[in-house]
Amino acid sequence: MDEKKTPSQAPGRAPAQAASAASQASENIFHKSGATRPGQFRPSGLTAREYETARLAAEGLYNQEIAERLGVSVNTVKTHLRKAYRKYGVSSRPDLRKIMKK
C-alpha cells in the first residue's frame, strides 16, 4: 500500500517551510517594532497609523486630505495627530515637520 504524504511531509518542503516560518517571525518583529516598511523603525513608539498620519501632515496635507488618503474620518486623523504630537513632544505641525525631517 502506498503511503500518501501531505505537502508538509514531502521531500524538499521542510527548508521552504522553515524559510516561511522565519519570514513570518521576521514580519511579526517588523510589525511589533512599528516600522512601516522593512528596515525602518518609527521613533517614540508611534503606531503605524500615527506615523503615517504624522508623515502626511508633515508633508503639508490637510486633515481632510489625510483622511481621504488613509480611508478614515477627519476625527480619526485628529486623534492620530494628537497622539503623535504627545509622543514626539511637540504641539504644532511646524514642530512636527522639523521632527519628521530628522
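**Figure 1. Helix H2 is largely enclosed by the rest of the structure in this predicted model.** Which residues of H2 are the buried ones? They are Glu 50, Tyr 51, Glu 52, Thr 53, Ala 54, Leu 56, Ala 57 and Ala 58. The cover over them includes H3, H4 and H5. After H2 comes Gly 60, and its phi is positive, near 105°.

**Figure 2. The whole chain, for orientation.** Before zooming in further, here is the overall layout. The chain has five helices and zero strands, which gives the pattern α-α-α-α-α when you read along the sequence. It runs to 102 residues, and 27% of them count as buried. Look at contacts between residues at least 6 apart in sequence: 42% of these join residues at least 24 apart.

**Figure 3. H2 crosses H4.** Two packed helices are described by the angle between their axes and the distance between the axes. For H2 and H4, the axes come within 9 Å and cross at roughly 90°. Angles from 65 to 115 degrees count as roughly perpendicular, so that is the word for H2 and H4. On the H2 side, the contact is made by Arg 49, Glu 50, Tyr 51, Thr 53, Ala 54 and Ala 57. On the H4 side, the partners are Val 77, His 80, Leu 81, Lys 83, Ala 84, Lys 87 and Tyr 88.

Figure 4. Leaving out residues up to four places away in sequence, Glu 50 touches Gly 45, His 80, Lys 83, Ala 84 and Lys 87.

**Figure 5. His 80, on the H4 side.** Now switch to helix H4, where His 80 lies. His 80 is buried too, with a relative accessible area of 16%. Which residues does His 80 touch, not counting those up to four places away in sequence? Arg 49, Glu 50 and Thr 53. You can find these three again among the H2 residues that make the contact with H4.

**Figure 6. H2 meets H5.** The H2 and H5 axes sit 9 Å apart and pack at an angle of about 105°. That makes H2 roughly perpendicular to H5. The H2 residues in this contact are Tyr 51, Ala 54, Arg 55, Ala 57 and Ala 58, while H5 brings Arg 93, Leu 96, Arg 97 and Met 100. Take a look at Arg 55, which sits in helix H2. At 26% relative accessibility, Arg 55 counts as partly exposed. Its C-alpha atom is 10.0 Å from that of Ala 84, a residue 29 places away along the chain.

**Figure 7. Leu 70 on helix H3.** Here the focus moves to Leu 70, which belongs to helix H3. Leu 70 has a relative accessible area of 14%, so it is buried. What does it contact once you set aside its neighbours within four places in sequence? Leu 70 is in contact with Arg 49, Glu 52, Thr 53 and Leu 56. Take Glu 52: it is 18 residues from Leu 70 along the chain, and their C-alpha atoms are separated by 8.7 Å.

**Figure 8. The largest nonpolar core and one of its members, Tyr 88.** This core has 18 residues, and the ones that touch the most other members are Ile 66, Tyr 88, Leu 96 and Met 100. Which elements give two or more residues to this core? They are H2 (48–58), H3 (63–70), H4 (74–88) and H5 (93–101). Tyr 88 is found in helix H4 and counts as buried, at 13% relative accessibility. From Tyr 88 to Ile 99, the C-alpha distance is 7.7 Å, with the two residues 11 apart in sequence.

Definitions and conventions: Residues numbered from 1 in each chain as written. Predicted model: local features only at pLDDT ≥ 70, side-chain atom pairs only at ≥ 80, totals over all residues. Heavy atoms only, no water. Core = buried A, V, L, I, M, F, W, Y, C linked by side-chain atoms within 4.5 Å. Buried < 20%, exposed > 50% of the residue type's maximum accessible area, 1.4 Å probe, protein only. Helix = DSSP H or I, 4+ residues; strand = E, 2+ residues; numbered from the N terminus. Contact = heavy atoms within 4.5 Å. Axes fitted to C-alpha atoms, helices over the stretch in contact; angles between N-to-C directions. Parallel < 35°, antiparallel > 145°, perpendicular 65-115°, else oblique.
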